[in-house]
Amino acid sequence: MAKSGVLEQTGQLMGASKAVELKEELQRLVRTIVDDDDYTAEDEAVRVLTSLKELKLKKTSSLKLEDNSDVPEEFKCPISKEIMRDPVVLATGLRRKRVSEKSARPRILVGFSHINRCWPQKTYDRPFIERWLNDGHRTCPQTQQVLPHTVLTPNHLVQEMISQWCIEHGHELPKRSQDIDEKVVRKANVTYLNCLLEKMCSSLSDQKEAAKELRMATKQSPSFRQLFGDSTESISKLLNPLSPGQADTHPDLQEDLITTLLNLSICEKNKRLVGENPLAITLLVESLKSGTPQTRSNAAAAVFTLSDLDSNKLVIGNAGAVEPLIDLLDEANPLAMRDAASAIFSLCIILENKRSAVQEGAVPVIVKKIKDRVMVGELLAILALLSVHQKAVDEMDELNVVPLLLSIIKESSCENSKENCIAILYTTCYNDRVKLREIKAEEAKNGTISRLARTGTSRARRKANGILERLNRYALITHTA
């Protein structure tokens with residue numbers, strides 16, 4: 001070992017010395033070309049530069065080999081002995097040994113949590129264990145135990161730990177192999193999905209375990225999300241543990257399944273599948289009302305995503321989603337409020353949901369939030385949608401929104417907010433002379449509307465000019481009278 005270390009150090013010194021010589025020779029050749037206009041040295045300079053590049057490549061390659069030797073064994077595939085790109089878990093057939101707290105001796109990695117070496121599974125890099133299984137093997141490569149099944153479960157914990165270790169140690173992040181047979185991967189994922197969905201009809205502990213795995217898998221893998229679109233029964237199987245009226249019996253299970261619905265709704269072909277499932281929409285609406293704060297927020301986000309489809313907007317509105325969304329908006333949790341606001345805006349694009357939102361008390365809640373300068377831009381956009389409804393206009397009159405909207409136009413630097421303010425003002429003062437007099441006084445004092453008519457967006461200028469025309473007509477009528 002000592003001799004090997006001396007040779008390695010000697011090699012490094014010789015490489016460094018050679019690099020110095022090459023650099024000095026290159027500098028001499030460049031001076032000859034530049035100072036003496038002797039271009040016959042050009043070929044020689046290229047040769048020296050090429051030698052320097054080769055020397056650097058050898059050094060880089062040596063460093064990479066050295067870095068690979070520092071990779072923790074837990075991050076290397078037992079088959080390839082290389083850092084894992086796509087770690088998956090294979091059941092070994094071994095029973096979990098009971099280990100007391102005193103006798104347990106988990107492996108400790110610096111910067112990471114403890115890893116218990118008594119796992120009843122082994123982790124491999126997906127392409128290598130798939131090749132093992134495709135060759136007909138039905139035993140674990142390490143334990144030689146007969147496998148109870150060949151389902152490969154993504155090991156997200158190890159994947160995250162590998163990524164974190166690579167970042168902290170400046171190691172290149174492992175890239176997934178491009179030569180993996182996609183059909184094999186898809187088949188494995190289908191088997192994995194079916195296995196998890198079967199657990200939804202099993203014991204409560206199995207349901208909770210499967211729900212967590214589904215939540216993680218649908219979050220990280222677009223291809224896994226797409227698998228749900230292949231079966232009309234998949235959504236119902238997923239939600240089997242939740243009963244309408246009692247969805248929050250087990251809040252952790254409810255949160256995982258509703259979050260899985262949110263993840264699935266990101267996939268375009270799943271939007272209709274979820275929207276056409278009465279159980280899914282019923283449970284989403286119920287989860288807006290009850291469950292953990294995260295469950296309610298994620299349910300609102302799912303409603304927003306699903307309402308991309310106009311057909312879903314009506315279904316979700318008819319299921320009673322608008323009222324709990326307004327209640328959620330009225331609460332103080334910023335994340336939940338934002339999700340609720342996005343969902344309300346998307347739903348209220350159609351007339352039926354505008355009516356529901358006004359009837360369920362959206363206007364007072366929104367105006368109060370805007371007065372408190374909370375989410376002003378988002379809430380003004382909703383208020384502009386609702387202002388086509390006469391009851392909303394009447395409520396805004398009672399809440400004296402004109403001074404509020406005029407102040408936002410003067411103070412805000414957001415063009416969209418100014419545009420929505422002037423659109424609401426245009427509607428509220430259409431046949432209201434009291435509001436016109438109020439706006440006229442503001443215009444005479446500060447010229448707020450005239451300024452927006454010159455500098456606002458095209459829609460803002462159009463609405464501002466419409467208000468100015470009404471002010472002129474109102475002045476003419478008043479003068480004539």
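This is a predicted model: local features need pLDDT of at least 70, side-chain atom pairs count only at pLDDT 80 or more; totals for chains, interfaces and linings use all residues.
Local features need pLDDT of at least 70 and side-chain atom pairs count only at pLDDT 80 or more, while totals for chains, interfaces and linings use all residues. Residues are numbered from 1 along each chain as its sequence is written, and side-chain values use heavy atoms, with hydrogens and water left out.

The protein chain holds 24 helices and 3 strands (DSSP runs numbered from the N terminus, H or I of at least four residues for helices, E of at least two for strands). Of its 481 residues, 44% are buried, meaning under 20% relative accessible area with a 1.4 Å probe, protein chains only. Take the contacts (heavy atoms within 4.5 Å) between residues at least 6 apart in sequence: 69% of them join residues at least 24 apart.

Now for the helix pair. Helix α6 (residues 204-220) packs on helix α9 (residues 251-265) at about 30°, the axes lying 9 Å apart; axes are lines fitted to C-alpha atoms over the stretch in contact, and angles run from 0 to 180 degrees between N-to-C directions. That makes α6 and α9 roughly parallel, the term for angles under 35 degrees. On the α6 side, the residues in contact include Leu 204, Ala 211 and Arg 215, and those they meet in α9 include Asp 252, Leu 257 and Leu 264.

As for the cysteines, the whole structure has 0 disulfides (a pair of cysteine sulfur atoms within 2.5 Å). Cys 348 counts as buried at 1% relative accessibility, and Cys 429 is buried at 0%.

Conventions:
Angles under 35 degrees count as roughly parallel, over 145 as roughly antiparallel, 65 to 115 as roughly perpendicular and the rest as oblique. Buried means under 20% relative accessible area, exposed over 50%, partly exposed in between (1.4 Å probe, protein chains only).
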